[in-house]
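Subject: Structure for you to look at

Hello,

Here is the structure I said I would pass on. Please open it beside this message, and read the notes below with it in view.

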Amino acid sequence: MPDLTIKFKIVTPECTVFEDTIDQATLPVAEGEVTILPNHRSYIASLTPGEIMVRKGKEEILLSTSGGFIEFNNNELVVLADTAERAEEIDLKRAEEAKVRAEKLKEQAVTMDSEEYAAVAAAIQKQAARIRVARKHYTKRGMGLGE
């Protein structure tokens, strides 16, 4: 009988953010989104800033990422993320404030070189992803946003 689970691990340079056996994962990739199910063909892709949704039974686990790489092979999914955090760990107010600060920096684009501009744009994408994930988490649990 084929295995109907996936060994999943998401790591950053600092730590292992999440590791468990799961049923499926949906991840943001350069082409859009990909959902990995058990026995999916081998797959490697660039991870883009956004939301990672992992299902284990009826549980849905949300994570935010700023990018990285994914590799799936033999029912093992490894995510090497630049940054990643679970939805319940995101401070929504701080993420919104960081996004506003980054957007203000972006307005000064005339004085930035292309490298600085890319860094600011990446910061905006990262914070926007964190905000989306945190809002979805709070809403699903019937909690006030960021309270």
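**What was found**

Of the 147 residues in the protein chain, 41% are buried. Please keep in mind that this is a predicted model. The accessible surface of the chain is about 8,600 Å², and carbon and sulfur atoms account for 50% of that surface.

The chain has 10 strands and 2 helices. Following the sequence, the order is β-β-β-β-β-β-β-β-β-β-α-α. Contacts between residues at least 6 apart in sequence were also counted, and 54% of them join residues at least 24 apart.

**Strands 1, 2 and 9**

Begin with strand 1, residues 6–11, which pairs with strand 2, residues 16–22, in the antiparallel sense through 6 bridges. The two strands make a hairpin, with 4 residues between them. Strand 1 also runs parallel to strand 9 (residues 76–81), and 5 bridges join these two. Phe8 shows both pairings: its bridge partner in strand 2 is Asp20, and its bridge partner in strand 9 is Leu77.

**Strands 3 and 4**

Strand 3 covers residues 24–29 and strand 4 covers residues 32–36; they are antiparallel and joined by 5 bridges. The hairpin between strand 3 and strand 4 passes through 2 residues.

Is Thr26 buried or exposed? Its relative accessible area is 10%, and the limit for buried is under 20%, so Thr26 is buried. Its side chain makes a polar contact of 2.9 Å with the side chain of Thr35. Setting aside neighbours within four places in sequence, Thr26 is in contact with Glu33, Val34, Thr35, Glu51, Ile52 and Met53.

**The nonpolar cores**

The largest nonpolar core has 24 residues, and those touching the most other members are Ile10, Leu27, Val54, Ile70, Leu77 and Val79. Which residues does Ile70 touch, not counting those up to four places away in sequence? They are Leu27, Val29, Val34, Tyr43, Ile44, Ala45, Leu47, Leu77, Val78 and Val79. Another core lies apart from this one; it has 9 residues, among them Ala87, Ile90, Ile131 and Val133.

**Salt bridges**

Side chains of opposite charge can pair when their charged atoms come close. How many salt bridges does the structure hold? There are 4, and these notes describe some of them.

One is between Asp20 and Lys56, whose closest N and O atoms are 2.8 Å apart. Asp20 is in strand 2 and Lys56 is in strand 6 (residues 50–56), so this pair ties together parts that are 36 residues apart in sequence. Asp20 is partly exposed at 29% relative accessibility, and Lys56 is partly exposed at 32%.

Another salt bridge joins the side chains of Arg55 and Glu60, at 3.1 Å from N to O. Here Arg55 is partly exposed, with 31% relative accessibility, whereas Glu60 is buried, with a relative accessible area of 18%.

A further salt bridge is formed by Glu88 and Arg86, with 2.8 Å between the closest N and O atoms. Glu88 is partly exposed at 41%, while Arg86 counts as buried at 19%.

Regards

Methods
Residues are numbered from 1 along each chain as its sequence is written. This is a predicted model: local features need pLDDT of at least 70, side-chain atom pairs count only at pLDDT 80 or more; totals for chains, interfaces and linings use all residues. Side-chain values use heavy atoms; hydrogens and water are left out. Two strands pair if DSSP finds at least two bridges between them. A nonpolar core is a set of buried Ala, Val, Leu, Ile, Met, Phe, Trp, Tyr and Cys residues joined through side-chain atoms within 4.5 Å. Buried means under 20% relative accessible area, exposed over 50%, partly exposed in between (1.4 Å probe, protein chains only). Contact means heavy atoms within 4.5 Å. Accessible areas come from the Shrake-Rupley method with a 1.4 Å probe; for residues, only the protein chains shown count as cover. A polar contact is a pair of N or O atoms within 3.5 Å; within protein, one must be able to donate a hydrogen and the other to accept it, and residues adjacent in sequence count only if both atoms are side-chain atoms.
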